[in-house]
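Have the sequence and the 3D view open while you read.

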Amino acid sequence: MRTDIFLIVSLLIGACVYGLAATLGNDYYFFAGYVVLQYVVLATAWNILGGYCGYVNFGSAAFFALGAYSTVALYRFHPMPIPVDVVLGGVASGIVGLGTGYLTLRMRGAFFAIATLALAVVLETLVVNWDYVGGSRGAYIVRPETIAPFGSYIKYLFAIMLLLAIGSITVARLIERSRLGYGFATIRDDELAAEASGVPTLRLKLVATTISGALMGMAGAPFPYYIGYLQPSSAFGLDYAVNSIAMPLIGGTTSWVGPLIGAVLLGSLQQIATVTISSAVNLLIVGFLLVGFVIVAPNGIIGLVQKYVQHRPLRQVGRRHIKADAPEATP
Amino acid sequence: MIFSFDLLVDAIVSGILIGAFYAAVTAGITLSFGILDVVNIAHPGFIILGSYIVYIISLNLGIDPIIAAILVTPAFYVLGAAIYQVYYVSFEKRGQESMRGLAFFFGILFITEVSLVLYFGVDYRYVEARYIGPTWHFGFVDIPLRILVPCLVSLLLIAALQLVLTRTFIGRAIMAVAQDELALRLMAVDPIRIKRIAFGISIATAALAGAFLIIIQPVEPSVGREYIGRVFAICVLGGMGSLPGTLVAAMLVGIVESLTSTFYGPSWAPAVSFGFLLLTLAVRPAGLLGR
């Protein structure tokens, strides 16, 4: 499918999702849906670096919080329309992603992972000590009750996050099918061989960290308006880090479909579990699912489906293969 | 801010004391990450688990936290050996340790923390012992016993580990497995068994480090997160697989953190270790005493 058609189709699907949530007639669905969509963006962003390049980022919460706090900083200066916040949050997180990558990506992958883990702690320290954005006391964002075409403000936020989700999936899909994506795949499969064959691995990795970080920051930018009161411990919550890793790994990391499936399944499951059981238990569920999936089903749900498809009766599969591999008939 | 000599000396002394404790916390990482190349980011989680187990034992049986920790080490050793076995079968054998192995340990860290939160809540817990409370005064230098005792036992622990690694057959085999697994196999030693033992020892040190932690400060489940950046910074700074290097690096980080919190305020201290980590990675990835 061509990218423009893909974009149109996903926009149509997005419109259907919005329409469905609107017909349910309860703002709760927008609140819950916003969180799920936010995870779609985070998981997709994580997967651009983690799934395509094979570099693990434990600092999703840091990039997310950076986006959120850039909004707060802007809000203190002068309240801006959210799309402006989104762009600036993305730029800020992208720059930090580039910086972290530049310092650590020249070494083995583990160092990058550790550095991102520590990055969250340090950014949190900085924010706690920065009084302008509220410090450890947190910051209030007064969101208007209503906004012109949408009615209640949460519908507006939901629509923005929906567009961000569609945008990030489109970006991921574009990367997957481009020269860039093939470059990323060579890094994931054998970085040394890629380097030896002339793939500019460091530059590609920096591109990946920047895009991934920027998308995470964009996901965080509208968050202060959603939550109303932002404090460091909620913006840097470990659940963002664990979810944005667990969702792609559970869904499957090799294509854009995986993070989407993982985020929608796990995100909805958590929304249900938060309401019915408790928010601590649902985090425990995520932890066990993550560990269970990486041990038992390393290729996630997509991998399981592919395995199932391959185990169908051999004749069918064989025939398809012959058809696919048959040389083009000469005219 | 008035710069005073007293304050400086006091900060350096307490930095050295706390540094020895950091060395004990990092020793497990030096074994697992430095020597075995297993990126066990869940180590701080095991330390907090150790703190809580020591807390339960010393609360119910009324014994000294350090003795309680020594009693627990065999259980932690078995836990570590079991975790390595799972890790080996699921990731190392399949060659997937770089991404899924990391995610596995991250999941374990997360599960440990959330389980502790669910069971104990987020209240701070502390233990009681005779040496918690009194402080020795030497002129203008104050040495609280609650830090001195863990510091001394930490030094003992590091010394003992270093002796095991350099003087015993198993220890030498552990050093060897890091360098050449195949050669070890040719000497009729099973590298997987050696790694299992080493990882078991690494987790066993977490029980002791956990006891030190809860002696030094009250503990709640998310305290471990502060230590992630710190332990890896120390491990890398100390040259990955070297215990003496770890000790030197730990004291250095301890002193700088202590100076930072004395002269700039304690809320800045966590940023120090990250600064160290980035600086080391950027300038000298082999560490201070790196080979």
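Let's start with one residue: A:S93 is buried, because 30 other C-beta atoms lie within 10 Å of its own. (A residue is called buried if 20 or more other C-beta atoms lie within 10 Å of its own, exposed if 12 or fewer, and partly exposed in between, with C-beta atoms placed from the backbone.)

A quick word on ground rules. This is a predicted model, where local features need pLDDT of at least 70 and side-chain atom pairs count only at pLDDT 80 or more, while totals for chains, interfaces and linings use all residues. Residues are numbered from 1 along each chain as its sequence is written, and chains are lettered from A and ligands numbered from 1 in the order in which they are written.

Back to A:S93, which sits in helix α4 of chain A. (Helices, H or I of at least four residues, and strands, E of at least two, are DSSP runs numbered from the N terminus.) What does A:S93 touch, not counting residues up to four places away in sequence? The answer is A:F63, A:L66, A:G67, A:G213, A:A214, A:M216 and A:G217. (Two residues touch, or are in contact, if their C-beta atoms, placed from the backbone, lie within 7 Å.) A:G217 is 124 residues away from A:S93 along the chain, yet their C-alpha atoms are separated by 5.1 Å.

Now for where the chains meet. Contacts link 35 residues of chain A with 34 residues of chain B. On chain A's side, α4 (82–104), α5 (109–128), α12 (238–251) and α14 (279–296) each supply at least two residues. α5(A) gives the most, with 13 residues. By type, the side of chain A that touches chain B has 28 nonpolar, 7 polar and no charged residues. (Ala, Val, Leu, Ile, Met, Phe, Trp, Tyr, Cys and Pro count as nonpolar, Asp, Glu, Lys and Arg as charged, and the others, Gly among them, as polar.)

A:A118 is worth a click too: leaving aside its neighbours within four places in sequence, A:A118 is in contact with B:I228, B:G229, B:F232, B:F274 and B:L277.

Over in chain B, helix α9 (residues 224–237) packs against helix α11 (residues 269–283) at an angle of about 35 degrees, with the axes 8 Å apart. (Axes are lines fitted to C-alpha atoms, for helices over the stretch in contact, and angles run from 0 to 180 degrees between N-to-C directions.) The residues of this contact between α9(B) and α11(B) split into 9 nonpolar, 3 polar and 2 charged.

Chain B also has a hairpin, formed by β1(B) and β2(B) with 2 residues between them. The strands, β1 (residues 135–138) and β2 (residues 141–144), pair in the antiparallel sense over 4 bridges. (Strands pair if DSSP finds at least two bridges between them.) B:H137 stands opposite B:D142, and B:W136 has B:I143 as its bridge partner. In the turn, B:G139 has a positive phi of about 60 degrees.

Most residues other than glycine have a negative phi.
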